[in-house]
Structure formats: C-alpha cells, structure tokens
Amino acid sequence: MAELRDVEVSVWKYVFGFVEMAVVKCAVELEIFDVIENHGIPMTINELSAAFACSSLFLHRIVRFLVHQKLLKEKYNSDGIKSYDLTPLSHFFTRHGEHSMVDLLLSQSSPIMLAPWHYLSGRVRNGPPAFEAAHGENVWKYASKHPEHSELFSGAMACDARLSVPAIVDGCAGLFDGINTIVDVGGANGTALGMLVKAFPWIKGINFDLPHVLSVAPEINGVEHVCGDMFEAVPKAEAAFLKWILHDWGDDECVQILSKCREAVLDADKGMVIIVEAVINEDEDSKFKHVGLMIDMIMMAQTNNGKERTEEEWGSILTKAGFSRFTVKPIHAVQSVIIAYP
Ligand SMILES: C[S@@+](CC[C@H](N)C(=O)[O-])C[C@H]1O[C@@H](n2cnc3c(N)ncnc32)[C@H](O)[C@@H]1O
C-alpha cells in the first residue's frame, strides 16, 4: 500500500510535467530573474509588481511556484518583510548570464519545436519523421526559410557551448597543443569555436555552416565564417571539430559527414576529428545519463534519423568512415569528447 502511495505521488510528474517548463518560460519572458539581478538586492512582491506594472494577483502565484522549484528563494528582513532573491539555478535563466540557457529554453518550448511531439507515436509506428509530419519539411530546410526560428536555434546551441566548451578546455588539457587550424563543422553562430580560440589563442578557427546560418553570425576574433554543405566538402584544417552534429543524423549520413571530415584533416601531420557527443552507457547510471536519454528522445522528435549513440555504435560508424582508431574522454558535460584518428 505504501509503495502504491509513492507511485501515486510520482504519477503527477508525468501528467503535469510540462508545467515546470511552461512556468520557467513564463518567468523568462517576464524577465523576472533579470529584473531581480538588475535590482541588485532581493525584491518584495510589491517591487516586482511595480517593475512589471501588473497587480500581484497572478505574479505572487508564479513566484511561489518558482520558490518551490528552487528557482527563487525567500528572504526576510529584520521587520519580517519577505523578498525574493536569485538562487544558483535562476542564474541559468538570466538573459545575459555567463551560463544563460534562455535561448535553449525558448527554442525547445516554442510551438515549432513542440509540434513534432504530437507525431512521435506515429513515428514509432513507422510513420513519417515527426518534425516533417508537423511542418512538412525537415528541421534544416524549415530553419532556412524561417530566419527568426533559425537565429533562436543558433542561440540555443550557444547555450550548450557556454556549458560544454569550458568542460572541454578543463577536461582535455593538451589536446589542442600543436593544432594551428580547426574547422568547426556545423558550428552555428560560432560561439563554441570563438571560446576555443580564446582559450587556445594560437588556433585559427574556421566556422563552417549553411549560408542562412552564417549570414547572421557575429564577427568573432580569430574565427573566419565559411559557408558550405558538409555532405559535399569540408574546409581543410589540422583538426575538424563536430559538436552535436552527428546525433542529428542517421548512421549512413554520419559516415558521409565523417568521411568528408577525414578528407579535410588527412594532409595534416597529426590530423584528427574531435567529436563532442553523448556516449550512452546502457548498463551504468551516470550524472548526465538522464539528460542524454532525454536528448535521444528530442532527436527522435526533431530530426529524421538522429539519435544518441553507445560507444559500440560510435565505433561502428567511425570504422565505416575509415578511421583507424578512436578514444573517448568523459568531461563534466552531457557529452564526451571522442577523438578519431584517420
Ligand atoms: C544541432 S546544431 C549544432 C551547432 C553547434 N555545433 C553547437 O553544438 O553549438 C547543428 C548545426 O548543423 C548545421 N548543419 C545542418 N546541415 C548542415 C550541412 N549540410 N552543412 C553544414 N552545416 C549543417 C546546422 O545549421 C546547425 O547549425
């Protein structure tokens, strides 16, 4: 009976799980976290209401939920007046924070990215890819025709770059020594490469992506933007870097992309392909396993044949693409660093 009661509590998580995402989106759109950060000290509900020029009728319930979710914390002054302050978690949802996840949240919670989930069961039953069922074309074609969505998507990728690139820099000491040129294949707006080049200033970076993505990418010191299609050719460099590219594609497409990357680094003395992707371990639990499995579901909903892969699956596509060996380095991120040698 006690066990059944426990299950009864957790069942609500599945029925109403979307509420957490929806309320954080609401808080981000209102800029609750930014307003408190800019205020410099904790804010009372009256101060928050004044800042948003609204009554506290709805706002105090949003704030109460955020406190419960540890996205805000209550503080009391000596007169017993309650105010609200940021928590370590809320810093991820300020717009300009060092680790801002705002664009990733807004992208994933947008009607465009949520629509394919309604077609996931159809996909499992051998139906069309869920994104195509929802929007009539694949995620990349759709992005090329919808600039606002495309720019938000690049911003969303930059959110991950701000988390994973410091983990790569910390966890892969020495990997970038002696590398003078890197091509970031599918580098979006260049945030990841810009951070790498800043950490390793001897590297010249080539940020390679589709024309509609690079037409709005900012200028970045040490980075040259080059348009192209990775299925046709990849600019030559000493190392190719692919972060969150291969999980968007099926095995055959990965072999094509990897073969182009292998050709791009083949002339270099110590050429290598650096792949930043999750490595799913089906047998053991780890800190980021749940996130990796969630992203696997996202790949199923939002790409045609993309998926997260086990080490064995990585080995299989790397061998087919002609690589002689590879190593896997776990880092403090949902992804590991897979280094493949031609
Ligand atoms: C999931 S995003 C990853 C972005 C970036 N590597 C990161 O992790 O921050 C995939 C990227 O691949 C790019 N892409 C898709 N098809 C491509 C192609 N055929 N050639 C070059 N880039 C492509 C997309 O425009 C997008 O920027």
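How far apart do the end C-alpha atoms of residues 117-324 lie, and what share of the span is helix and strand? I found the end C-alpha atoms 39 Å apart, with 46% of the span helix and 15% strand. I note that this is a predicted model, where local features need pLDDT of at least 70, side-chain atom pairs count only at pLDDT 80 or more, and totals for chains, interfaces and linings use all residues. Residues are numbered from 1 along each chain as its sequence is written, and side-chain values use heavy atoms, with hydrogens and water left out.

**Entry: annotated spans.** I checked UniProt, where an unreviewed entry lists residues 117-324 as "domain: O-methyltransferase C-terminal". The record also has "domain: O-methyltransferase dimerisation" for residues 12-94. I keep in mind that such annotations may be inferred rather than shown by experiment. For residues 12-94 I read 54% helix and 12% strand, with the end C-alpha atoms 28 Å apart.

**Entry: whole chain.** I counted 16 helices and 11 strands in the protein chain; these are DSSP runs (helices H or I, at least four residues; strands E, at least two). The radius of gyration is 22 Å, close to the 20 Å of the globule rule for 342 residues, so the chain is as compact as a globular protein of that length. The radius is taken over C-alpha atoms, and the rule is 2.2 Å times the number of residues to the power 0.38. I also saw that 46% of the 342 residues count as buried (under 20% relative accessible area, 1.4 Å probe, protein chains only).

**Entry: ligand.** I listed 17 residues around the ligand, the closest being Gly186, Asp209, Asp229, Met230 and Lys243; a residue counts if one of its heavy atoms lies within 4 Å. By class, I get 11 nonpolar, two polar and four charged residues in this shell. The protein buries 95% of the 600 Å² that the ligand exposes when taken alone (Shrake-Rupley method, 1.4 Å probe).

**Entry: Asp160.** I placed Asp160 in helix α11, residues 147-171. Is Asp160 buried or exposed? I found Asp160 buried, with a relative accessible area of 6%. Its side chain makes a polar contact of 2.9 Å with the side chain of Gln335 (a pair of N or O atoms within 3.5 Å, one able to donate a hydrogen and the other to accept it).

Key:
Ala, Val, Leu, Ile, Met, Phe, Trp, Tyr, Cys and Pro count as nonpolar, Asp, Glu, Lys and Arg as charged, and the others, Gly among them, as polar. Buried means under 20% relative accessible area, exposed over 50%, partly exposed in between (1.4 Å probe, protein chains only).
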